[in-house]
Amino acid sequence: MKITLKSVVAAAAVTLFASSGYAQSASATLDQLLEEVKNNRVSEARLNKQREAEFQSARADKQALLRTAQANLKAEQDRGDRLAKQFSDNEIKLTEKTAELDQATGDLGEMFGVVRQAASESYGRIATSIVSAEYPGRAAFLKRMSEESEGLPNIRELEDMWIALQTEMTESGKVSRFQTEVINLEGGSSQQEIVRVGTFNLVGEVGYLVYDDQENKVQPLGRQPDEFQAETARELFSSTSGLVPTFVDPSSGAILGLLKQKATMMERYHAGGVVGYVITGMLLLGLLIGLYKIITLTLISGKIRSQLNNPENPSTSNPLGRVLTVYKENKDSDAENLELKLDEAILKELPSIESGINIIKIFAAIAPLLGLLGTVLGMIATFQQITLFGTGDPRLMAGSISMALVTTAQGIIAALPLILMHSIVAGRSKSIVHILDEQTAGIVATHAETEKA
């Protein structure tokens with residue numbers, strides 16, 4: 001009805017407008033407008049009936065959908081109730097089955113606990129064993145067995161653990177040669193042939209090797225042990241048969257790791273510091289002086305022996321010849337004056353013969369004193385470190401203690417050869433002086449007898 005009224009108003013407005021503009025055709029237009037209004041009312045009524053029918057049909061459909069949704073909800077609620085009851089029944093059944101399993105396993109569960117513990121211990125032993133360098137991946141299943149918290153190991157896993165332990169025991173008594181990847185000290189890696197001595201050592205061309213169980217790699221020691229030990233390892237690597245004596249590490253590398261930290265002779269020497277260098281300089285200088293004196297005194301001794309074979313022709317190139325020359329020049333003097341002249345000639349020869357000998361003696365006496373000085377300095381430094389850092393970490397005091405001990409040893413080591421060198425040089429010089437004194441005494445005695453005659 002609202003639509004019809006609006007149409008009528010609109011039509012009246014149009015009619016009024018038309019009447020104001022077109023007064024001549026008013027009657028004809030009003031008839032047409034009336035006819036149009038009637039037609040529109042019929043059309044609007046038809047449309048309203050059609051829409052009402054559509055609304056009724058849609059309402060029926062909505063009711064059907066609602067009933068379907070309510071039916072589905074009821075079905076899901078029933079299904080939820082059934083599943084809840086089934087879940088509750090399963091919980092009860094699971095509890096009953098668990099109790100039955102615990103009762104059925106009984107002592108068997110304790111046995112599997114022992115097996116799991118044994119697997120954990122075996123994993124630690126096999127994973128770090130050098131046999132794993134030749135047979136990698138042996139410990140993977142042992143790790144799984146030791147870490148699993150649920151489930152029981154099966155027969156296959158128990159057999160694998162048995163085989164792993166038997167393999168470790170069997171390989172511990174074998175010397176095996178195989179190819180594996182070896183990390184080089186300068187970087188990189190390469191395939192190399194190495195020798196495994198039981199479960200004790202790995203030996204390569206460079207000497208002893210170690211197995212890194214974290215990276216599953218083989219690498220040389222950072223520092224090989226003493227040469228005589230490393231040489232036996234290289235001999236074992238190069239041999240193909242027979243018995244070869246060699247050093248083995250029963251701790252599977254722990255002792256070699258400690259030997260790697262052992263200080264070398266050069267490191268011990270440098271631990272002496274400045275005092276050690278001074279002692280070394282004195283030792284070298286004393287030995288050079290002693291060597292020079294030995295050579296010069298040996299040459300002088302040879303010339304003197306030659307002069308003894310020809311006393312009638314004295315030579316000024318040796319001490320005895322120069323003494324004989326003095327005698328030849330003073331033959332006409334009395335015995336007392338001649339003796340004084342000869343003593344003077346000998347005294348002139350003594351400085352060149354005995355030069356440098358006292359220096360060697362002084363060095364031999366000073367070297368131990370310098371060693372004691374280094375000991376005192378090292379102990380002073382040690383007590384200073386104790387004052388600052390306490391005694392909690394002995395490694396803080398190791399350097400000062402090394403200096404204290406090394407300098408003492410260096411002083412004693414330097415004094416021993418210097419004392420020996422001084423004895424040799426002093427003995428040679430005394431033998432030369434003894435020959436000169438002997439020949440001088442003989443000359444004076446002969447000259448005195450000649451005067452009496």
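Among contacts (heavy atoms within 4.5 Å) in the protein between residues at least 6 apart in sequence, 63% join residues at least 24 apart. The structure is a predicted model, in which local features need pLDDT of at least 70 and side-chain atom pairs count only at pLDDT 80 or more, while totals for chains, interfaces and linings use all residues. Residues are numbered from 1 along each chain as its sequence is written, and side-chain values use heavy atoms, with hydrogens and water left out.

**Overall content**

- The protein has 14 helices and five strands; these are DSSP runs numbered from the N terminus, with helices (H or I) of at least four residues and strands (E) of at least two.
- Of its 453 residues, 29% count as buried, where buried means under 20% relative accessible area, exposed over 50%, and partly exposed in between (1.4 Å probe, protein chains only).

**Helices α5 and α6**

- Two packed helices are described by the angle between their axes and the distance between the axes.
- The axes of α5 (residues 140-147) and α6 (residues 155-171) come within 10 Å and cross at roughly 125°; axes are lines fitted to C-alpha atoms, for helices over the stretch in contact, and angles run from 0 to 180 degrees between N-to-C directions.
- That angle makes α5 oblique to α6, on a scale where under 35 degrees is roughly parallel, over 145 roughly antiparallel, 65 to 115 roughly perpendicular and the rest oblique.
- The crossing of α5 past α6 is left-handed: the near helix is turned anticlockwise from the far one by less than a right angle, whereas clockwise would be right-handed.
- Phe141, Leu142 and Met145 of α5 make the contact with Glu157, Asp160, Met161 and Ala164 of α6.
- By class, five residues in the contact of α5 with α6 are nonpolar, none is polar and two are charged; Ala, Val, Leu, Ile, Met, Phe, Trp, Tyr, Cys and Pro count as nonpolar, Asp, Glu, Lys and Arg as charged, and the others, Gly among them, as polar.

- Helix α10 (residues 273-309) and α11 have axes that come within 7 Å and cross at roughly 45°.
- This makes α10 oblique to α11.
- Ile300, Ile304, Gln307 and Leu308 of α10 form the contact with Pro319, Leu320, Gly321 and Leu324 of α11.
- The contact of α10 with α11 holds six nonpolar, two polar and no charged residues.
- The axes of α11 (residues 319-329) and α12 (residues 335-354) come within 9 Å and cross at roughly 160°.
- α11 and α12 are therefore roughly antiparallel to each other, and α11 passes α12 in a right-handed crossing.
- On the α11 side, Pro319, Arg322, Val323, Val326 and Tyr327 meet Leu338, Lys341, Leu342, Ala345, Ile346, Glu349 and Ile353 in α12.
- This contact of α11 with α12 has nine nonpolar, no polar and three charged residues.

- Ile357 lies in helix α13 (residues 357-389) and is buried, with a relative accessible area of 6%.
- Not counting residues up to four places away in sequence, Ile357 touches His422, Val425, Ala426 and Ser429.
- Ile357 and Val425 are 68 residues apart along the chain, and their C-alpha atoms are separated by 6.8 Å.
- Glu449 is in helix α14 (residues 395-452) and counts as exposed at 56% relative accessibility.
- Glu449 and Ala335 are 114 residues apart in sequence and 9.2 Å apart in space, C-alpha to C-alpha.
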